[in-house]
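Trainee: Could you help me learn how to read a protein model? I would like to go through it one feature at a time.

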Amino acid sequence: MEVVGFKRMADGSREDYEFLGEMERKFVDGLPDRILTQLRLLSESFSGYPVSRLEHSLQSATRAHRAEETEEMVVAALVHDIGDVLAPMSHSEMAASILRPFVSEKTYWIIKYHGLFQMYYYAHHLGGDRNARARFAEHRWYNDAVRFCEEYDQNCFDPEYDSEPLEFFEPMLRRLFRHENASDDNMVSRV
Ligand SMILES: [Fe+2]
Ligand SMILES: [Fe+2]
């Protein structure tokens, strides 16, 4: 079989869906390569900062690595702004969604809300509420998200910092985004 015969999903057979499942597994194997490609695109996003978004991401991951965070957190730091290219207004959620099947609930939560927590550093200059994150003050991961922004995000715009290159993180990224590590709740949300 090269392609399934149905034109409406309702007409597909078990054999069709097993075949498509196999094709999808092969496609998902290419996910780390696509994430790496997308990270490289960050070198062109958002001007005006002292460093590119790619350098910011490398700095974030490098600081997390040097602070001996888990590999999961290092890779999460690396991709935390990957949504900036396609979802500039909701980038945290996009990165969190990409990570979700491969990381703990805690890491997912930190990345999902890092944009809101990060407002603490600038929103008051623009008439916004820098304490918007206070609504999560009682949350079990509140302090973790505060710390992520303080140590691995707001401080990662230093052109002098000696970040590791993307290649340094590639093996970690490939280990994290392995199909076998993925939780299967994407099974229900896929279509
Ligand atoms: Fe961000
Ligand atoms: Fe960031």
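Predicted model: local features only at pLDDT ≥ 70, side-chain atom pairs only at ≥ 80, totals over all residues.

Trainee: What share of the residues is buried?

Mentor: A residue is buried if 20 or more other C-beta atoms lie within 10 Å of its own, exposed if 12 or fewer, and partly exposed in between, with C-beta atoms placed from the backbone. Of the 191 residues in the protein chain, 29% are buried.

Trainee: And what do contacts tell me about the chain?

Mentor: Two residues are in contact if their C-beta atoms, placed from the backbone, lie within 7 Å. Among contacts with a separation of 6 or more, 59% are between residues 24 or more positions apart.

Trainee: Which residues touch the most other members of the largest nonpolar core?

Mentor: A nonpolar core is a set of buried Ala, Val, Leu, Ile, Met, Phe, Trp, Tyr and Cys residues joined through C-beta atoms within 7 Å. The largest one here has 34 residues, and Val79 and Leu99 touch the most other members. Two or more residues come from each of α2 (31–41), α3, α4, α5 (91–99), α6, α7 and α8 (166–176). With seven residues, α4 gives the most. Beyond its neighbours within four places in sequence, Leu99 contacts Ala76, Val79, Thr107, Tyr108 and Ile111.

Trainee: Which residues are buried in α7?

Mentor: In α7, residues 142–152, the buried ones are Ala145, Phe148, Cys149 and Tyr152. Down the axis of α7 they fall within an arc of 115 degrees (taken from the directions from the helix axis to the C-beta atoms), so they line one face of the helix. These buried residues pack against α3 (53–66), α4 (71–79) and α6 (105–118).

Trainee: How do I describe two helices that pack together?

Mentor: Two packed helices are described by the angle between their axes and the distance between the axes. Axes are lines fitted to C-alpha atoms, for helices over the stretch in contact, and angles run from 0 to 180 degrees between N-to-C directions. Take α3 and α4: their axes come within 7 Å and cross at roughly 165 degrees.

Trainee: At what angle do α2 and α8 pack?

Mentor: The angle between α2 and α8 is about 150 degrees, and their axes are 10 Å apart. The helix α2 is therefore roughly antiparallel to α8. Pro32, Ile35, Leu36 and Leu39 in α2 meet Leu166, Glu170, Leu173 and Arg174 in α8.

Trainee: How far apart are the axes of α5 and α6?

Mentor: Those axes are 6 Å apart, with a packing angle of about 165 degrees. This pair, α5 and α6, is therefore roughly antiparallel.

Trainee: Now for single residues. Is His65 buried or exposed?

Mentor: His65 sits in helix α3. It counts as buried because it has 22 C-beta neighbours inside 10 Å.

Trainee: What about Glu68 and its phi?

Mentor: Most residues other than glycine have a negative phi. Glu68 has a positive phi, near 60 degrees. Glu68 lies in the loop between α3 and α4, and it is exposed because 8 other C-beta atoms are within 10 Å.

Trainee: Where is Thr70 found?

Mentor: Thr70 is also in the loop between α3 and α4. With 13 C-beta neighbours inside 10 Å, Thr70 counts as partly exposed.

Definitions and conventions: Residues numbered from 1 in each chain as written. Chains lettered and ligands numbered in written order. Helix = DSSP H or I, 4+ residues; strand = E, 2+ residues; numbered from the N terminus. Parallel < 35°, antiparallel > 145°, perpendicular 65-115°, else oblique.
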